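Try each task before reading its solution.

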Amino acid sequence: MLDFYLIVADYRSAYRKRWLAAANRLVPPNVFYFERDGLAAKYAVLSEADFARLTGPETSSVSVWARFAQPSRLVWSADEPARERAVAAVARAAPTLLAAAGRHQREKPLDWWRRAFTLTYSAELRAERAGRQASVVDADRERYVHFTEPAAAAIERIPKASWRWRRIEGKALSVVSLAKASLTFAGGADYIAWKINRHAGTDIRLKPWQRRHPLLAAITLLPRLLRSGAVR
């Protein structure tokens, strides 16, 4: 499944339905599903203002800056100023990640990145197998080594939130986002089950009533997933 972020000027102009704009503003991003010619994708919608804020140290939520500290590609932009704003926002993510993790004395660059991603993974509900955070770095070691010095030099300030607070906030937001995602695209409950099965090696099979009521399905599945360790 391809993973996109759609950055818009503002939420009111992006949606015909006001409740979607309100939901995106209150708990960004909204996540939607799209399928064409045998390819499937999900895309998260953020305003330019939220994108710039959520990649920087002023937010305690790890979700966006942890993702954009990893490799990403700008597929399309409306014009050159929009491209420049997107690039500037993405450029904040890696410095924010490294600043939030802090660097241990004599810590090697790759170990710094691995530990930073381990911290961010602990601050969200995750369906990935253990060790996924290290494999993110190991899949492109040269890139992370190359990025270390310029990312460290671009650190704006040290984020003040503790990792204990980030874990509390992040897991709560993950539950809300999961519930919201089950409502914002068709087949939301099936997508959630597919994602967990793919990443955690589980075999969740939804009942008909869970497909009809995706929000209830998400709520009822979560305690069992937490107990089993499929979601951390």
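**Exercise 1: A strand pair and its turn**

Find the residue in β3 that is the bridge partner of Arg36.

Solution. This is a predicted model, so read each contact as part of a computed structure. Arg36 has Leu39 as its bridge partner in β3. Now step back to the whole strands: β2 covers residues 30-36 and β3 covers residues 39-47. The two run antiparallel and are joined by 7 bridges. Finally, look at the hairpin, where 2 residues lie between the strands. Asp37 takes a positive phi there, near 50°.

**Exercise 2: Building the sheet**

Work out in which order the 3 strands lie in the open sheet.

Solution. Start with β1 and β3, which run parallel and are joined by 7 bridges. β1 and β2 are the edge strands, each pairing on one side only. From one strand to the next, the twist averages 30°.

**Exercise 3: A nonpolar patch**

Decide whether Leu2 is buried, partly exposed or exposed, and name the surface patch residues that go with it.

Solution. Locate Leu2 in strand β1, residues 2-8. Its relative accessible area is 43%. Buried means under 20% and exposed means over 50%, so Leu2 is partly exposed. On the surface, Leu2 forms a nonpolar patch with Phe4, Leu39, Val75 and Trp76. Together these residues have about 580 Å² of accessible area.

Notes. Residues are numbered from 1 along each chain as its sequence is written. This is a predicted model: local features need pLDDT of at least 70, side-chain atom pairs count only at pLDDT 80 or more; totals for chains, interfaces and linings use all residues. Side-chain values use heavy atoms; hydrogens and water are left out. Patches are made of residues with over 30% relative accessible area and no salt bridge: like charges are joined within 9 Å, nonpolar side chains (Val, Leu, Ile, Met, Phe, Trp, Tyr) within 5 Å. Accessible areas come from the Shrake-Rupley method with a 1.4 Å probe; for residues, only the protein chains shown count as cover. A salt bridge is a side-chain nitrogen of Lys or Arg within 4 Å of a carboxyl oxygen of Asp or Glu. Helices (H or I, at least four residues) and strands (E, at least two) are DSSP runs, numbered from the N terminus. Buried means under 20% relative accessible area, exposed over 50%, partly exposed in between (1.4 Å probe, protein chains only). Two strands pair if DSSP finds at least two bridges between them. Axes are lines fitted to C-alpha atoms, for helices over the stretch in contact, and angles run from 0 to 180 degrees between N-to-C directions.
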